[in-house]
Amino acid sequence: MFMVRLKFASISHNFSTVAAKHRRVPSKYKSLAIGKAQQAITDYLHTTRSLSYTHAEQIASNASVSIRNLILKLDFSVPTFSKSLRKHLSYHPINEFEFFFESIGIDYSEVSEFLPEKKFFFSEDRTVLDAAFALSGFGFPWNKLGKLYKEERLVFVQRPGEIESRLLKFKDIGFSTVAVIGTCLAIPRTLCGGGELGSEIRCLFVKLKRLFDEFDSHHLFEENVDSWLAVSRKIRIFYDLGCENEEMWELMCRNKSLFLEYSEEALMNKAGYFCRFGVSKEDAALLILRNPAIMNFDLEKPVISVTGMLKHFGLRQDEVDAVAQKYPYVFGRNQLKNLPYVLRAIDLHERIFDILKNGNHHLLASYTLMDPDEDLEREYQEGLEELQNSRTKRHNIQKLDFLHEIGFGENGITMKVLQHVHGTAVELHDRFQILLNSGIIFSKICMLIRSAPKILNQKPHSIQDKLRFLCGEMGDSLDYLEVFPAYLCFDLENRISPRFRFHKWLVEKGFSEKSYSIASIVATSEKAFIARLYGIHPAIPKHWFERFSSRKTRDTVS
């Protein structure tokens, strides 16, 4: 039997190999095959689907993966390949939207997310295609339209006349064609809407015109789309942080070096750093614009002592001692890149940010460790050494990095917390974000994690359901988690919900005059819980098991 299976597997493998070789295009003919396939698709879209030759060619020449997939469906032979392509397309029409979306610059792996449901031909819905034609006709690079589509699909539901009219209005303000294109690609919402939004967009273009005039665009920018797009994307960073702040526009006019000397990534990183202080986006942007020297500060690599850094910012010793007593898990060493979250973990972020924005931003660059051994904690170092030698070193180090990122310092408490949290660093981050998005302030989440680390082991949907149950059916507030953080560690359907509903039923029916706390209802062991019920009345446990106990649905509760 084994030999038969082996022989069958061998035949199957050989057949597959032969088939694969038969369809594989020899390297020396790949360019030829691609060219013929592109020409065949161009002819198909132009002749059969009635697209203009120019647009048909743009789609065919910018859909490389779709072209390759088409080629792989056919046997290759130099003399017959063109004929085979035409014959194949006659009997096997392509999904025209698939070729289109790839051609406008959307990665092929994402194309399926944008395909219209149960539509394959442009004739079934030309809306997106016609919008693309209007944009292309104005001068938008065809393979960059995907950027617009992914960020602002509303652009592509407008009539061509609407799009053209809006673009011409931007030119009337004084922009060149390439400036309009670059700006619209960087800020796609500029191509949307009328009414109040239309007024806002016009106001934006007026401000941009003034800004670009200050930059002396004819000398500082090359007159091409990519150049305008690059600068406009940098401006958008600050536009997104505070588009209505007049001081911000004035500062941008005076600080053109920010947009000419620094990359978009560098500007985004700095803006993101100060946004992590939990202050308003406008304040984060204004700090950079008022103090452009910040762009040269290294806010990533330096190692800090939390104690030393707080003193560096002007806290007295008694203040540092009070913070250390309340938030011991934050102290020790950390990295400067984590400082915003360290300060949020001890509720000092607003105070320190005010110090920075009031002329003391240089404190971020002037701090240094007092000595090589400052704030080194032996228990942490021993734990780190164990991690370095463990089989799951990378996984655990990533989890440890996550804890440092949210403010936990290099100390023994952090190492103890690490032992109880499970999941990847990404999963831990997502669970933390759920708690933050629910309305629990940053410092309190860190305190909850310190008290009950296993709350980070719960799935995001589970955390959300428990919080809704706590605030909804239980009628309590999120503040109760400070009293009983382990609440989030218990199973909602099999523990929290049935026990709470049974307790509520007992009170409503008059069987129990005592109202127990949530912690007492949920955290009591099963044995003690049943004993409590028996103490109320010997028949009560039977009622619990029959009507309320684990895995009963809500419909069974009356």
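Colleague: How much space lies in the largest pocket?

Modeller: In this predicted model, the largest pocket holds about 300 Å³ of space. Its lining is made up of 13 residues, and those that lie nearest the centre are Arg236, Ile237, Asp240, Leu241 and Met268.

Colleague: Which elements give two or more residues to that lining?

Modeller: Those elements are α14, which covers 225-242, and α17, which covers 264-275.

Colleague: And by class, what does the lining have?

Modeller: The lining of the largest pocket has seven nonpolar residues, five charged residues and one polar residue.

Colleague: Back to Arg236, where is it found, and what is it in contact with?

Modeller: Arginine 236 is found in helix α14, and, if its neighbours within four places in sequence are left aside, arginine 236 is in contact with Glu151, Ala186, Ile187 and Pro188.

Colleague: Changing topic, at what angle do α2 and α5 pack?

Modeller: Helix α2, residues 30-48, packs with helix α5, residues 81-91, at an angle of about 35 degrees, and their axes are 10 Å apart. The crossing of these two helices, α2 and α5, is right-handed.

Colleague: Which residues make the contact?

Modeller: From α2 the contact is made by Ala33, Lys36, Ala37, Ala40, Ile41 and Tyr44, and from α5 by Phe81, Ser82, Leu85 and Leu89. Divided by class, the residues of the contact of α2 with α5 are eight nonpolar, one polar and one charged.

Colleague: What about α4 and α6, how do they cross?

Modeller: The axes of helix α4, residues 64-72, and helix α6, residues 96-103, come within 8 Å and cross at roughly 140 degrees. With an angle over 145 needed to count as roughly antiparallel, α4 and α6 are therefore oblique to each other. Ser64, Val65, Ser66 and Ile67 in α4 meet Glu98, Phe99 and Glu102 in α6, and the residues of this contact divide into three nonpolar, two polar and two charged.

Colleague: Last one: why are α29 and α31 called roughly parallel?

Modeller: Helix α29, residues 460-471, and helix α31, residues 492-508, pack at an angle of about 5 degrees, with their axes 12 Å apart. Angles under 35 degrees count as roughly parallel, so that is the term for α29 and α31. In the contact, Asp465, Lys466 and Phe469 of α29 meet Leu492, Ile496, Ser497, Phe500 and Arg501 of α31, and by class the contact has four nonpolar, one polar and three charged residues.

Terms used:
Residues are numbered from 1 along each chain as its sequence is written. This is a predicted model: local features need pLDDT of at least 70, side-chain atom pairs count only at pLDDT 80 or more; totals for chains, interfaces and linings use all residues. Side-chain values use heavy atoms; hydrogens and water are left out. On a 1 Å grid over the protein atoms alone, a cavity is a set of points where a 1.4 Å probe fits but cannot get out, and a pocket is an open set with protein on both sides within 12 Å along at least five of seven lines; lining residues have an atom within 4 Å of a point. Grid points are joined across faces, edges and corners, and a volume is the space filled by probe spheres set on the points. Helices (H or I, at least four residues) and strands (E, at least two) are DSSP runs, numbered from the N terminus. Ala, Val, Leu, Ile, Met, Phe, Trp, Tyr, Cys and Pro count as nonpolar, Asp, Glu, Lys and Arg as charged, and the others, Gly among them, as polar. Axes are lines fitted to C-alpha atoms, for helices over the stretch in contact, and angles run from 0 to 180 degrees between N-to-C directions. A crossing is left-handed if the near helix is turned anticlockwise from the far one by less than a right angle, and right-handed if clockwise. Contact means heavy atoms within 4.5 Å. Angles under 35 degrees count as roughly parallel, over 145 as roughly antiparallel, 65 to 115 as roughly perpendicular and the rest as oblique.
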